[in-house]
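Dear colleague,

I am handing over the structure below, and I would be glad if you kept it open while you read the notes that follow it.

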Amino acid sequence: MAVSVFPCGFDIPCDGYACHRPAKWFIGEYRNHFIVAKLCDDCISAVIDGLKQHGLIQEPEPEPEPELELKMEPPAEPGGVVYTCRVCGAGFESSQKLAAHVRYQHNA
Ligand SMILES: [Zn+2]
Ligand SMILES: [Zn+2]
């Protein structure tokens, strides 16, 4: 019979060292009520961490974050002038270029 982890339905303390929380998980053989360990959430996650450290559990690669659409402004027409400097009237195709212009040319 295979050893497995299954939920603990009894009100019994965790087997973890100096742990007095109620057990939530049994490790053992379910049908024969053969219990190797009774563990709470904290202790069983410590066991899982140990298994990972020994390479017995492969952590799944995190899903790559979908690329955020950073289109805050309408795309400028090619060669089109969308943003106009309020100080000197010069035109720029992006707000970033206008901001850089204002910063460097007008010390704003
Ligand atoms: Zn515990
Ligand atoms: Zn300007």
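Are C40 and C43 buried or exposed? In this model, which is a predicted one, C40 is buried, and C43 is buried as well.

Both of these cysteines belong to a metal site: the zinc ion (ligand 1) has C14 (SG), C19 (SG), C40 (SG) and C43 (SG) as its protein donors, at distances of 2.2 to 2.3 Å. For comparison, the ideal angle for four tetrahedral donors at a metal is 109.5 degrees.

The other site to look at is that of the zinc ion (ligand 2), which is coordinated by C85 (SG), C88 (SG), H101 (NE2) and H106 (NE2) at 1.9 to 2.3 Å. Its donors are spaced as C-x2-C-x12-H-x4-H, and within this set the pair of C85 and H101 links distant parts of the chain, since C85 sits in the loop between strand 4 (83–84) and strand 5 (91–92) while H101, 16 residues apart from it, is in helix 2 (residues 95–105). Both C85 and H101 are buried. The arrangement around ligand 2 is tetrahedral because its four donor atoms subtend angles of 103 to 121 degrees, all of which fall between the limits of 85 and 135 degrees used for that term.

Turning to helix 1, you will find that this element (residues 41–53) has 13 residues and spans 18 Å from its first C-alpha to its last, close to the 18 Å expected at 1.5 Å a residue. Just after helix 1, G55 adopts a positive phi of about 75 degrees. D42 is one of the residues in helix 1, and with a relative accessible area of 45% D42 is partly exposed. The side chain of D42 makes a polar contact of 3.3 Å with the side chain of R21, although the two residues are 21 residues apart along the chain, with 9.0 Å between their C-alpha atoms.

S94 counts as buried because its relative accessibility is 13%, which is under the 20% cut-off, and a polar atom of the S94 side chain lies 3.1 Å from the backbone nitrogen of K97.

Methods:
Residues are numbered from 1 along each chain as its sequence is written. Chains are lettered from A and ligands numbered from 1 in the order in which they are written. This is a predicted model: local features need pLDDT of at least 70, side-chain atom pairs count only at pLDDT 80 or more; totals for chains, interfaces and linings use all residues. Side-chain values use heavy atoms; hydrogens and water are left out. Donors are N, O and S atoms within 2.8 Å of the metal (3.2 Å for Na, K and Ca); water is not among the atoms, so sites may look incomplete. Four donors count as tetrahedral if all angles lie between 85 and 135 degrees; four count as square planar and six as octahedral if opposite donors are over 155 degrees apart and all others between 65 and 115; anything else is irregular. Helices (H or I, at least four residues) and strands (E, at least two) are DSSP runs, numbered from the N terminus. Buried means under 20% relative accessible area, exposed over 50%, partly exposed in between (1.4 Å probe, protein chains only). The expected span of a helix is 1.5 Å times one less than its number of residues. A polar contact is a pair of N or O atoms within 3.5 Å; within protein, one must be able to donate a hydrogen and the other to accept it, and residues adjacent in sequence count only if both atoms are side-chain atoms.
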